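Please read the numbered points alongside the sequence and the model.

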Amino acid sequence: MGCEQRALSVEECISLEPALQRMRDHLSGGIFTESEESADCFQLAVALKNILQQRGVTFRFNTTVRQLAADSNRKVSVQTTAGEHLTPDHIVVALACESTALLKPLGIAVPVSPLKGYSLTVPIERAADAPMVSITDYERKVVYARLGERLRIAGMADMVGLNRRIDTSRIEALKQEARNLFPDAGNYDLATLWTGLRPATPKGKPIIDGTRYGNLWLNIGQGALGFTLAPGSASVISHLLRGQALPFGKNVFTLADA
């Protein structure tokens, strides 16, 4: 499906990413996907918001959806903390792990559970010692991505419900992994810390589907690949909303499949 990968020897890995030189004796090889890139999802989201606002889209920030309510015709309305009672033509629920509680009163059970992950964002001090290529340490499940003059390190998976507290022991473990691989890239003690909940499904598939309610749609469960899958997921849900056939022939992201 347009994804080309090639296996690299240790020498080829180092030639492609010289920052791996000090780990030569610990490498077995690598898999390189030339088409893949890394980017800052926050900056993309802000840019997208600005474009959409120019095209007439209204965003209601600092407004919480209190509940979704259905009428006798199976039409769903939205009640917000601003006292609004909105009945739009279409509602797309894209609230990750928060979707479960919101949908439950409507009798919709979605198999989405939070997997808590962590990341560090470190200012790069020695450019030659920080990777240019996005790297996944397959054995330890840690990802390294260069974002301009910053290095982002992400990993871990804790099953702790909706707890968003930063666990310092997990952060220290992530820092140690980064120091082992790229010790001189930057000062890890100056890292910006973050934690978030990946909306995971049992099979790893997202749920992009309609519901028993005519105007209610789901776009959830992308797990750790929310940024990666966002454009494709948007394409799928937009085709479904319009009643159009999907580009690849069928909807493989259904609630039943998840």
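1. In this predicted model, three strands form an open sheet of mixed pairing, in the order β6-β13-β12. Strands (E, at least two residues) and helices (H or I, at least four residues) are DSSP runs, numbered from the N terminus; two strands pair if DSSP finds at least two bridges between them. The edges are held by β6 and β12 (207-210), each with a single partner strand, so one side of each lacks a neighbour in the sheet. Direction ignored, neighbouring strands of this sheet are turned against each other by 15° on average; the axes are lines fitted to C-alpha atoms, and angles run from 0 to 180 degrees between N-to-C directions.

2. Strands β6 and β13 (residues 216-220) run parallel and are joined by three bridges. Within this pair, V93 stands opposite L218 in β13.

3. Which strands do the buried residues of α5 pack against? They pack against β6, β12 and β13, where contact means heavy atoms within 4.5 Å. The buried residues of α5 are S233, V236, I237, H239 and L240; buried means under 20% relative accessible area, exposed over 50% and partly exposed in between, with a 1.4 Å probe and protein chains only.

4. Helix α5 (residues 226-242) has 17 residues and reaches 23 Å from its first C-alpha to its last, close to the 24 Å expected, the expected span being 1.5 Å times one less than the number of residues. At G232, α5 bends by about 35°; this bend is the angle between axes fitted to the seven residues ending there and the seven starting there. G243, with a positive phi near 75°, follows α5.

5. V110 lies in the loop between α3 (99-103) and β7 (113-123). It is buried, with a relative accessible area of 8%. V110 and I207 are 97 residues apart in sequence, yet 8.5 Å apart in space, C-alpha to C-alpha.

6. The protein as a whole contains five helices and 13 strands. Of its 258 residues, 34% count as buried.

7. The average pLDDT (the predictor's confidence in each residue, from 0 to 100) is 92 for the protein, and 95% of the residues score at least 70. Residues are numbered from 1 along each chain as its sequence is written. Local features need pLDDT of at least 70 and side-chain atom pairs count only at pLDDT 80 or more, while totals for chains, interfaces and linings use all residues, and side-chain values use heavy atoms, leaving out hydrogens and water.
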